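Here are my notes for you on this one, written as numbered points. Have the model open while you read.

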Amino acid sequence: VSVVLVGSGSLLGQIAADVSRHALLIENSGYAKLPKLNSSRKNLTELESALKDAGFDVQTATDLKLSSLTDQLWPTFLGKIKDRDICFIYYSGHIVQYTQDNFILPVDFDPKSEEKIDSIAQSLTGWQQELDSKQVGLKILVVEAAPATAEIQARSPGLGFANPNLN
């Protein structure tokens, strides 16, 4: 995994002086009720190192349950963000499309649950909207989605990703 920041020296100097850089790296592979995924912890460690070298404050988490993701990790990350900051978010794991949105599946996701997806998974659009409300200068979301399984396809009206909201 390589991360390269390219720009003019004066631009990078302005960025370094005026804004903070924040990164949130999440890898979910140890699912309880979905197929476990091959862990890419080595890649995660390399990405973390590269981002730290580029001046990012990096927060890394693995195998998150929904409560840990929504009640602890995300609020802590969001609390550090100020307007014009740079945010880099990386997620590796299962994802599902639901109501024209993409949802991160926590490791405690149950595909047989009767609950709506938006109450048992995390919306990527929701994260984008919260970052927008903080007036983030640049947001980069990188998703390494596992191949869809029959269990996930049964809960999703569409295959693949919903078109992201680029506004």
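1. Let's begin with Phe103, which has 3% relative accessibility and so counts as buried (buried means under 20% relative accessible area, exposed over 50%, partly exposed in between, with a 1.4 Å probe and protein chains only). Bear in mind that this is a predicted model, where local features need pLDDT of at least 70, side-chain atom pairs count only at pLDDT 80 or more, and totals for chains, interfaces and linings use all residues. Residues are numbered from 1 along each chain as its sequence is written, and side-chain values use heavy atoms, with hydrogens and water left out.

2. Now for the aromatics: the structure holds three aromatic pairs (rings of Phe, Tyr and Trp, the last by its six-membered ring, pair if their centres lie within 6.5 Å; planes under 30 degrees apart count as stacked, over 60 as edge-to-face and the rest as tilted). One of them is stacked: Trp74 with Trp127, at 4.4 Å centre to centre and 10° between the planes. That pair ties together distant parts of the chain, with Trp74 in helix α3 (residues 66–79) and Trp127 in helix α5, 53 residues apart (helices, H or I of at least four residues, and strands, E of at least two, are DSSP runs numbered from the N terminus). Tyr98 and Phe103 make an edge-to-face pair, 6.0 Å centre to centre with 70° between the planes.

3. How buried are the partners? Trp127 has a relative accessible area of 0%, Trp74 is at 5%, and Tyr98, at 18%, still counts as buried.

4. Next, the largest nonpolar core, which has 31 residues; Ile26, Trp74, Leu105 and Trp127 have the most contacts inside it (a nonpolar core is a set of buried Ala, Val, Leu, Ile, Met, Phe, Trp, Tyr and Cys residues joined through side-chain atoms within 4.5 Å). At least two residues each come from β1 (21–27), α3, β3 (86–93), β4 (95–98), β5 (101–104), α4 (117–120) and α5. Helix α3 gives the largest share, five residues. Another core, of 12 residues, lies apart from this one and includes Leu51, Ala54, Phe56 and Ile86.

5. Last, look along α5 (residues 124–133), where Leu124, Thr125, Gly126, Trp127, Gln128 and Leu131 are buried. At the start of α5, a side-chain oxygen of Ser123 comes within 3.2 Å of the backbone nitrogen of Thr125. Just after α5, Gln135 has a positive phi of about 55°.

Definitions and conventions. Polar contact = N/O pair within 3.5 Å; in protein donor to acceptor, adjacent residues only side chain to side chain.
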